[in-house]
Amino acid sequence: MKKKHYITAACFSLMSLFTTSCLDLQPQAQLNDSLVWTTAENFQLFSNQFYGWTRDFYLSGTATYGNGFSDGPHSDFRSDLMVSSSSINVYSQGTNSIPSTDDNYTNLYKRIYYTNILLNRAEGFGDQAAIAVPVGEAKFFRAYLHFELVQIWGNAVLLTQPLDIDSQELYGPRNDRGEVIDQIILDLQDAAELLPENASEEGRLTKGAALAMLSRVALYEGTWQKFHANGADATANTERSTELLTIAKDAANQVIASGNYSLFYNEALGNESYRYMFILEDGVQCNPANLSKSANDEYILAHRHRYSDRLSTNITHAILEGSCGLTRKLANMYLCSDGLPIEKSSQFKGYANPTDEYQNRDNRMSNTFLVHGTKFWDNESATSRTSWTDADLERARTADVRTGTGYRPYKYAIERQAQDNFESMDFPVIRYAEVLLNYAEAAYELNGSISDADLDMSLNLVRQRVNPNMPKLSNSLVSANGLSMREEIRRERTVELIMEGYRIDDLKRWATAETEMPQDQLGVQMTGTWFETNWAAQPLPLNGEGCIIYYTDRTWGDRNYLYPLPSDQMQLNPELGQNPGWGNN
């Protein structure tokens with residue numbers, strides 16, 4: 001394991017401390033290690049750096065392990081539902097190979113080292129109550145970082161102490177993923193006891209964040225053990241999955257019962273509340289209701305951005321100008337307004353005209369996709385909103401989806417004028433909708449069934465946020481229409497959380513990637529539709545149904561369920577062992 005370089009630096013250089021605001025993560029002071037741990041305030045200052053380690057919109061500098069928007073281990077570009085217009089994603093295509101190095105690996109362990117530094121020094125501090133919050137933050141982030149390791153590589157070296165560079169643990173084999181998950185659960189349970197019910201400052205961790213993360217971890221590993229069970233291990237895996245799914249359900253239920261969080265909805269924004277939630281900003285009007293981030297009680301933990309912060313990418317341009325595209329497969333997943341899939345609903349209008357398939361559908365579809373011919377705004381001076389009334393329509397652009405897959409994203413695109421790279425919406429690291437969906441899935445997977453009461457307190461709240469007239473998911477709806485409750489729960493999760501970095505991890509834990517990932521990534525139907533005569537320059541081949549084939553020749557093997565360890569780490573520590581199927585190539 002390549003730790004000599006950064007641990008040496010950590011042991012012999014000065015510690016970086018940060019200002020008290022978790023929004024400002026630029027180094028402000030350098031204090032020697034012997035001075036850092038003398039006051040409770042300095043423990044808090046040290047822990048501020050942890051907040052810069054969560055997922056974000058983009059990959060830049062230290063944000064290396066990705067999200068739903070830019071490429072990284074959890075990116076939706078690496079799934080079956082989203083494509084990059086610039087190049088084939090080798091991970092999505094199933095053609096990735098062993099990398100020589102991987103910043104994710106080294107940065108994760110470097111960051112774990114810093115959480116362990118704080119926890120180690122906390123043991124000798126006299127007033128434990130005074131440092132409860134930074135200790136809780138360190139335990140949360142130690143869990144968060146170890147969970148990244150498990151999701152990416154499976155088994156991982158478990159570190160709970162800031163080890164010297166000569167420590168034998170750094171050069172031994174990896175711990176079994178189950179042992180790592182147990183420590184993650186323990187850390188999150190401890191964090192939930194140490195963190196406050198309500199944050200003392202916007203953006204800081206709370207008890208609810210620790211419990212929400214616990215529900216995510218336990219659901220992930222519980223379903224992994226359930227669906228990857230085989231042979232002699234099947235019985236043990238079933239017992240393990242039951243244990244974990246119970247933890248997931250109970251943790252989610254504690255978050256729900258706290259009453260501290262709610263799904264974002266505003267009457268003035270109505271059925272577009274879902275879309276506007278993702279572009280809330282402070283210090284400037286960013287929606288017709290003139291709401292700011294304080295109106296959002298759904299984000300349990302966010303990677304926060306200030307109005308004055310410069311980002312490394314222009315998010316709105318990337319969304320609206322064709323850098324990424326969505327697929328026909330995703331479009332077809334949205335229910336019709338009668339609560340039924342398109343293949344079972346009489347309300348589905350087909351594909352003849354470019355707007356037909358958006359009619360009578362889940363409103364999240366038009367909140368996520370840019371519909372052809374609709375008026376919309378961007379962040380340019382001539383085509384942004386200024387009055388936030390219908391008068392803005394004179395400045396609006398008209399959507400033309402005839403590029404890429406023909407399915408254009410709309411989520412995360414702001415409407416106010418903004419200098420390039422100065423959008424300031426927060427990235428949702430954990431939001432309440434996920435917790436509600438975690439609860440529903442855990443409840444179902446525990447018993448192979450779920451009550452209507454449990455659906456109503458969880459999944460149906462998410463479904464009806466912008467679909468108040470859509471029928472609830474219920475056992476009678478499933479039975480009467482020959483549906484699968486499991487597939488409907490998974491469908492709800494997929495459409496709610498798309499472009500937030502969940503899809504590829506979900507396919508892996510469900511063990512369905514070998515079915516879903518090899519499928520061609522398709523665009524709109526050309527043959528027999530408006531597109532056939534109005535998109536003459538469309539250069540891509542069509543499948544048997546006349547749909548654009550955007551990417552084909554996709555593969556998936558068992559080895560793709562885990563990423564390969566980088567070769568430099570294998571050379572430094574052969575005891576790590578490469579993941580199955582990757583050999584030594």
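Q: What share of the 585 residues of the protein chain counts as buried?
A: Of the 585 residues, 60% count as buried. Buried means under 20% relative accessible area, exposed over 50%, and partly exposed in between, using a 1.4 Å probe and protein chains only.

Q: What kind of model is this, and what pLDDT do local features need?
A: This is a predicted model in which local features need pLDDT of at least 70 and side-chain atom pairs count only at pLDDT 80 or more, while totals for chains, interfaces and linings use all residues. Residues are numbered from 1 along each chain as its sequence is written, and side-chain values use heavy atoms, with hydrogens and water left out.

Q: How many helices and strands does the protein chain have?
A: The protein chain has 22 helices and 12 strands. These are DSSP runs numbered from the N terminus: helices are H or I with at least four residues, strands are E with at least two.

Q: Why call the protein chain as compact as a globular protein of that length?
A: Because its radius of gyration is 24 Å, close to the 25 Å that the globule rule gives for 585 residues. The radius is taken over C-alpha atoms, and the rule is 2.2 Å times the number of residues to the power 0.38.

Q: What box do the C-alpha atoms fill?
A: Roughly 70 × 60 × 50 Å, taken along the principal axes.

Q: And contacts: what percentage join residues at least 24 apart?
A: 72%, among contacts between residues at least 6 apart in sequence. Contact means heavy atoms within 4.5 Å.

Q: Switching to charge, how many positive and negative side chains are there?
A: The protein chain has 50 positive and 75 negative side chains, and the centres of the two sets lie 2 Å apart. Lys and Arg count as positive, Asp and Glu as negative; His and the chain ends are not counted. The place of a charge is NZ of Lys, CZ of Arg, CG of Asp or CD of Glu.

Q: How many salt bridges does that rule give?
A: The count comes to 42 salt bridges, each being a side-chain nitrogen of Lys or Arg within 4 Å of a carboxyl oxygen of Asp or Glu.

Q: Which residue does Asp187 meet in a salt bridge?
A: Arg142, at 2.8 Å from N to O. The pair links distant parts of the chain, with Asp187 in helix α7 (residues 177–194) and Arg142 in helix α6 (residues 132–153), 45 residues apart.

Q: Are those two side chains in buried or exposed residues?
A: Both Asp187 and Arg142 are buried.

Q: What about Asp456, which partner does it have?
A: Asp456 forms a salt bridge with Lys472, with the closest N and O atoms 3.7 Å apart. Asp456 is in helix α15 (residues 452–456), and Lys472 is in the loop between α16 (459–463) and α17 (475–480), 16 residues away. Asp456 is partly exposed at 30% relative accessible area, and Lys472 is partly exposed at 39%.

Q: Which residues do salt bridges with shared partners join into one network?
A: Glu298, Asp362, Arg364, Lys411, Arg431, Arg463, Arg465, Glu492, Glu496 and Glu500.

Q: New topic, backbone: what is the phi of Asn360?
A: About 55 degrees, a positive value although Asn360 is not a glycine. Asn360 is in the loop between α12 (328–333) and α13 (364–368).

Q: Where is Asp553?
A: Asp553 is in the loop between β12 (547–551) and α22 (567–572). Its phi is also positive, near 55 degrees, and Asp553 is exposed, with a relative accessible area of 63%.
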